[in-house]
Amino acid sequence: MRRRVEAIPGTPLPYGILGGCTNVIDVTDEHELLGVEWMALGCSPVRDTDWCPPDESPGDQSPGESPGPPPGQKEFYPPIHEEADPITIYAGAICSTIGWSYQEAIDHVRMSLELGEQQAVESAFMRYTLAPRAIDLTPSQGPVSIAQGVAALEGCLAENYGGIGTLHVPTGAAALLGCCNIAYVTGNSLSTLAGNCVVVGSGYSAANSGPDGTPAPPGTAWLYISGPVVVRRGPIDLIPDNAGASIDRRVNTRRVLAERTYVPATTCTVCAVLVTTCP
């Protein structure tokens, strides 16, 4: 008879959405887990001004042409309203009550959640936030190389946002980042030569969908870029909170659940491109 031993422990991938690229906030106000909203920074253009505007008056315009604003006049932009909705992820287990105690079951689902929660958050973030908001940069002739794709994404972000952004790469395409020195390790994160942080997500590989929700064809992958990412998270809830409530006495089984609510958010522009993963 085999001897039961401890489960083989695991470690979440280091450069995922809960890694060094992301500001992860363990919230103390539970209302933040219902969703958040804010006025965006860096999404409105910053212009230069001409201290010596050309000597031109509205009367100098061609007939029928709008005079436009007076030379040198400054433009004003209303703040952009943004919001983020919660997602709740979970790990559940069912087992016989014989030989597996309530505490063992609770420990099992807690550790399962902690190992797999990053992937679940990434998958949901791609499907519910990145994809619906993205501008598709894929050319009409089809997917491009990963170097061309990253260049297009970083150009898109730079034109619309003035700060450091976040490049979102499926784990299945991560090895290709090294082919052209696209990304390098800096501290506990990955960065591009332009300075954008890189999230390498197994959940992005699992979803691997484009702006219209269609999965990437074989041999391709969807890459995204966004502004900075902030992830709010709540505590782990263990359900039920007592051994008796976990038992289904009709079939003598035990069910336990671990779940946690997250509110992942990003800001300003999101761009996407389809790249080839074939050499």
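Here are some notes on the predicted model above.

1. Ground rules. Residues are numbered from 1 along each chain as its sequence is written, and side-chain values use heavy atoms, with hydrogens and water left out. As this is a predicted model, local features need pLDDT of at least 70 and side-chain atom pairs count only at pLDDT 80 or more, while totals for chains, interfaces and linings use all residues.

2. Overall build. The protein chain has 3 helices and 15 strands (DSSP runs numbered from the N terminus: helices are H or I with at least four residues, strands are E with at least two). Along the principal axes, the C-alpha atoms fill a box of roughly 95 × 45 × 35 Å.

3. The seven-stranded sheet. An open sheet with mixed pairing runs E5-E15-E10-E6-E9-E8-E7 (two strands pair if DSSP finds at least two bridges between them). Its edges are E5 (135–136) and E7, each pairing on one side only. At the E5 end, this strand runs parallel to E15 (residues 271–276) over 2 bridges, and Asp136 has Ala272 as its bridge partner in E15.

4. What joins E7 (residues 183–186) to E8 (residues 189–192)? You'll find 4 bridges between these antiparallel strands, and Thr186 stands opposite Ser189 in E8. The hairpin has 2 residues between its strands, and Gly187 in the turn has a positive phi of about 65°.

5. Backbone spots to check by eye. Ile239 and Pro240 are joined by a cis peptide bond, with omega about -5°; Pro240 is in the loop between E12 (237–239) and E13 (247–248). Then there's Asn252, not a glycine, yet with a positive phi of about 60°. Asn252 belongs to the loop between E13 and E14 (253–266).

6. The largest pocket. It holds about 510 Å³ of space. Of the 16 lining residues, Glu6, Ala7, Asp107, His108 and Met111 are the closest to its centre. (On a 1 Å grid over the protein atoms alone, a pocket is an open set of points where a 1.4 Å probe fits, with protein on both sides within 12 Å along at least five of seven lines; lining residues have an atom within 4 Å of a point. Grid points are joined across faces, edges and corners, and the volume is the space filled by probe spheres set on the points.)

7. A charge over a ring. Arg127 lies over the face of Tyr128, at 4.7 Å from the ring centre (the cut-offs: NZ of Lys or CZ of Arg within 6 Å of the ring centre and within 35 degrees of the ring normal).
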